[in-house]
Amino acid sequence: MITKIEFIKSAYSVSEFPPARLPEIVFAGRSNAGKSSIINAVSSRHSLVKVSSMPGFTQTINFFLANERIFFVDLPGYGFAKAPKEIQVKWKTLIEQYLKSRRNIKTVVCIFDIRRMPDQMDIQLLDYLSALRINALVVLNKADKLSQPKRTAQIKTIMRALPSLTETPLLTSARTGEGIDTLRRRILDLG
Ligand SMILES: Nc1nc2c(ncn2[C@@H]2O[C@H](COP(=O)(O)OP(=O)(O)OP(=O)(O)O)[C@@H](O)[C@H]2O)c(=O)[nH]1
Ligand SMILES: [Mg+2]
């Protein structure tokens, strides 16, 4: 259960990160995959984190404190083609600096849209985490968008595209709440 969740701060640069004193669960993935929506769902709060139909909305690293003992970290999404090149480079650098510098990261929840084939950037994220020896938990979000048979087929295809995956990804829907309890339990156990 998450009984209390509060927004701590938005960081544009390394110097603005809060002290790395508490365990951190990080939410990463392509722009529009549903990172902010998943944080809201896991926290049982509808509008803690701003969600937009406009991808590229989250431009800073946003820190939330859950149950006064664990940080939830919302990363800007990558792969938003319409964002100016210099902004894309800035986000990538900020995300890499964040992942490299925080020793208190417990796991990175990698959120993918179940309907999309993982691409080079998704693979890069998983490889990067693996190189840094950071635990990754892969979540296929927007499960509500696919019928049961399509889900099964899509899980197979995605797992084939991500050979580094050792376990079947967790299916979630921030819209219907499917898989959210399981995700919350996994996260709180890790923290
Ligand atoms: N159908 C459905 N829509 C979802 C789900 N999760 C998120 N969405 C929608 O997808 C859009 C993007 O969601 P966000 O949570 O803002 O995505 P994000 O990954 O935080 O995006 P950036 O901040 O741009 O990186 C919004 O319109 C959400 O309402 C889901 O599980 N099912
Ligand atoms: Mg977001």
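Q: The expected span of a helix is 1.5 Å times one less than its number of residues. How far does helix 2 reach from its first C-alpha to its last?

A: This is a predicted model: local features need pLDDT of at least 70, side-chain atom pairs count only at pLDDT 80 or more, and totals for chains, interfaces and linings use all residues. Residues are numbered from 1 along each chain as its sequence is written, chains are lettered from A and ligands numbered from 1 in the order in which they are written, and side-chain values use heavy atoms, leaving out hydrogens and water. Helices (H or I, at least four residues) and strands (E, at least two) are DSSP runs, numbered from the N terminus. Helix 2 spans residues 85–101, 17 residues, and its reach is close to the expected 24 Å: it is 24 Å.

Q: Why do the buried residues of helix 2 line one face?

A: Buried means under 20% relative accessible area, exposed over 50% (1.4 Å probe, protein chains only). In helix 2, W91, L94, I95, Y98 and L99 are buried. Seen down the helix axis (directions from the axis to the C-beta atoms), they line one face because they fall within an arc of 125 degrees.

Q: Which residues have the most contacts inside the largest nonpolar core?

A: A nonpolar core is a set of buried Ala, Val, Leu, Ile, Met, Phe, Trp, Tyr and Cys residues joined through side-chain atoms within 4.5 Å. The largest has 33 residues, and helix 2, helix 3 and helix 4 are among the elements that each supply at least two. Most contacts go to Y98 and V108.

Q: Is Q154 buried or exposed?

A: Q154 is found in helix 4, residues 148–161. Leaving aside neighbours within four places in sequence, Q154 is in contact with I114, R115, R116, M117 and L146. At a relative accessible area of 15%, Q154 is buried.

Notes: Contact = heavy atoms within 4.5 Å.
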